[in-house]
Amino acid sequence: MAVMDPWNPPVRIKTPEPSSADIPWSDWRAWLSAFSAAVPLFLLSYSSCVSYAHLIVSSATSYPIRAVVIMSMHLVSSGLTGLIIPVRSKCPLIIPSADISVTIFYQKIVSDIVMAADGASKEIVAATVMLALPFNTLLMSLVFYLVGQQKLTVVVSYLPYPVVAGFLGSIGLAIFLGSFAVLKEGLAGFGGILKAAEERPYELLCAAGMAIGSILLKYAGLPARVLAVAPTLLTLVVFWSYVMMSGISLDEWRQEGWLFPAADFEPFTSIWSEQQLALVSWKLLPPRIATFLGLGFVLVLSLTLRIAGIEGSTGSAISVDDEVKWTGIASGLAGACGTVIGSASPGLTTFNLEAGSSTVQAAVLTAVLQLLLWLSGFPVMNMFPRFLLSGILMNLGLVMLQEWMWIARHKVGILGLLVIYAQVASSMMYGLLPSVLVGVAVALLTAQAQLMKLHVLKYHVSRCSVRTNLQRNKTERMLLSEHGQLIECLGLEGFLAEGPIIKLSNYVRHYVESNKMLRFMIFDLQACQGCNISAYALLAKLDKVLKNEGIEALYSSLDADMSAGLKSFGVPASRIFDTMCGANSSFLQALERCEDMLLESILEGFQRQISPILEVSDLPTLLMQPELEEFLGLSQEQAAKLIKAGEICHKEANTRLARQGIVEGEVYIAVPKYSQVVETVDVGSNSGAEQEVSLSRLGFICGLESVLYDEPARATCRVLTPSQLLKVEPSQLQKVVREPSGNSGCLSCSSSGPSGPALPQVGTLAALPPYWCFCRPLGSCATVLSS
């Protein structure tokens, strides 16, 4: 039986899924071809039903619970679900059958009832067990339906691959150990292997020979249809030939443990007659909460992984949620009929695919054969020796163990293999659910170990390689260019954890020891995906080290959580520039702060031209007029008229002066020395702030397009710090600059600017291109001809 890897499916060409209308129901040749695949599918499914029925009753060997009745329940369940699930599924090759995880669930239910019997008669315990099986089927079917209906199967996708591989390896180990319980009742765990070797050496040897022989035949390249039935048929022929030639009676063979106890024709009504309601102990019937929740989670996990494996192996585009929901519906019908859960079998589905099936007919025929066998009551179990069914389970368990504990090493590596082995060992000692929890815990530890090795330094540059959008005068630009190496920027990426930050701290410390000129360092966290508590503490410690070296450390592009984390460890808020800064880039703000502090230290005692911004609520217009004349290149008369036509107003930080895409009815002129304005453009990105275009303390006209063209503004302008601005209507501004007296300034340059051709005269303002100029002091214009 094949084992699927849902994360690494074979390469197949996906074809359109056939609908019910496309199935050739009346084509007898198609049914005949499907019958050749249905027969071996039926034999494999029946073998599983018999084996798993004996595993269920192995927890109550001293009670009158008959395995043949539970086997009939499996046949009915596989038949009913086999008529529902493949017909409505987008993958018609699905073959429902018994499953080992379901068997473990029922085995635990039986064990709980037996342990809680507390002196109840064997008949009461047996009747309670027989009713508890369909009762728990109904409960679990409801869980399946709700999980599929609410689309909760996506949770399984978050499990690490090694944990899933470890779970499948644990399932393989459970199947392998369960094979010894079929060989002889009461054998369990690794102790059962030793006991079987001591008490049933020949039977064990035959079972192991069949299991290993099947594996060798697979490597010999035997076709799938032949491989499915050849070992079983060959074993049956050899065994019964020897029985007939030996002259020993069948009763003696049964007493020696080679055959199951003799069974007569079993009426199909036995699955209901065994459920004697009058003898049921209603106190013992409800499942234990720990059992139902724990193993119920294992069932949901197992079902989801098996359906994902079928999707990968067959190349069918199926909805896992829908398949889980319909499994709940089909199993609910089976539970209402008094039977057990029936769910998709990846091994049988793969065999159906390899047998050449392409429609639902093989699945339907397999289900019909199972129902016919149940209705006939024929004691097929009398034909199967114990070691044969034990060998089938042993083979399946060995194949899964080989796949997930040896071959998987090429996929998961050493650490992943450690997770798988830890999970399989814990499943052997504590059960399947604890093994999943152990796997998750070990996976977290290995992930943490890998996290320690991450590289977080994205770039390390000086101020000579980056600059802000702030417009500075010639003196400041020269000083920053000359002393730019005093400012350095480190860009970090990835997830900041203990290991990466320790390596970064060592790097920064060694660098600072060799660079005694460094005075400012910016840590840009824009490319980081997160930061843990230890990293905050280590960054705060590094901050103190840098402070002792006379270096001012600033942190930019932090989200709210990271900003709060650094502040909680003592980093001053004044040196943290987070993403709440608005449209203005927090990194550019941090770089601007470093530049300002550098200039202040160089120009100590000198009254700088552009900072600080004068914050005066009632400024006389005479103080603002010279700045306006110099900024716009206007005459004294023009500047006076412009101020008289407008209104001087005070605006607080983050006040919007012009909005992109809106024709503004008022134009704001940011006068140098009294204002600071940031210009941004919304480029249509799905998330994130608008893109910063410029930042000016040297003057700015907000909504210039409304003056030139009566068109919407191309950008959004906001006040960055409390500022004094001149508010003018566009018509008044045009009227002032169109007057012939004096120099017409920036709005009507008649000669070439420093970086472009001549601009039109005042009378042709409507001909000016968009984004026509950045206004600068001393009457200069920088022409921008592209929008």
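## A charge over a ring

Let's start with Arg409, whose charged end sits over the ring of Trp406, 3.7 Å from the ring's centre. (A charge sits over a ring if NZ of Lys or CZ of Arg is within 6 Å of the ring centre and within 35 degrees of the ring normal.)

A word on the background: this is a predicted model, where local features need pLDDT of at least 70 and side-chain atom pairs count only at pLDDT 80 or more, while totals for chains, interfaces and linings use all residues. Residues are numbered from 1 along each chain as its sequence is written, and side-chain values use heavy atoms, with hydrogens and water left out.

## Rings in pairs

There are 17 aromatic pairs here. Rings of Phe, Tyr and Trp (its six-membered ring) pair if their centres lie within 6.5 Å; planes under 30 degrees apart are called stacked, over 60 edge-to-face, and the rest tilted. One of the pairs joins Phe176 and Phe180: the ring centres are 5.4 Å apart and the planes stand at 85°, so this pair is edge-to-face. Both residues belong to helix 6 (residues 161–183), four residues apart, or about one turn of the helix. Helices are DSSP runs (H or I, at least four residues), numbered from the N terminus. Phe176 and Phe180 are both buried; that means under 20% relative accessible area, with exposed over 50% and partly exposed in between (1.4 Å probe, protein chains only).

Phe239 and Trp240 make another edge-to-face pair, 5.2 Å centre to centre with 75° between the planes. Phe239 is buried at 6% relative accessibility, whereas Trp240, at 22%, is partly exposed. Ring pairs also tie these two into a cluster with Tyr242, Trp253, Trp258 and Phe387.

## Two nonpolar cores

A nonpolar core is a set of buried Ala, Val, Leu, Ile, Met, Phe, Trp, Tyr and Cys residues joined through side-chain atoms within 4.5 Å. The largest has 120 residues, and Tyr46, Ile65 and Met71 have the most contacts inside it. Helix 6 gives the most to this core, 14 residues.

Setting aside neighbours within four places in sequence, Ile65 is in contact (heavy atoms within 4.5 Å) with Val57, Ala60, Ile70, Ala126, Val129 and Met130. There is also a second, separate core of 29 residues, with Val508, Cys528, Tyr536 and Met562 among them.

Helix 25 spans residues 636–645, and Gln638, Ala639, Leu642 and Ile643 are buried in it. Down the helix axis, the buried residues fall within an arc of 130° (taken from the directions from the axis to the C-beta atoms), so they line one face of helix 25. The face turned away from that buried side carries the exposed residues Gln636 and Lys644.

How values were computed: Helix = DSSP H or I, 4+ residues; strand = E, 2+ residues; numbered from the N terminus.
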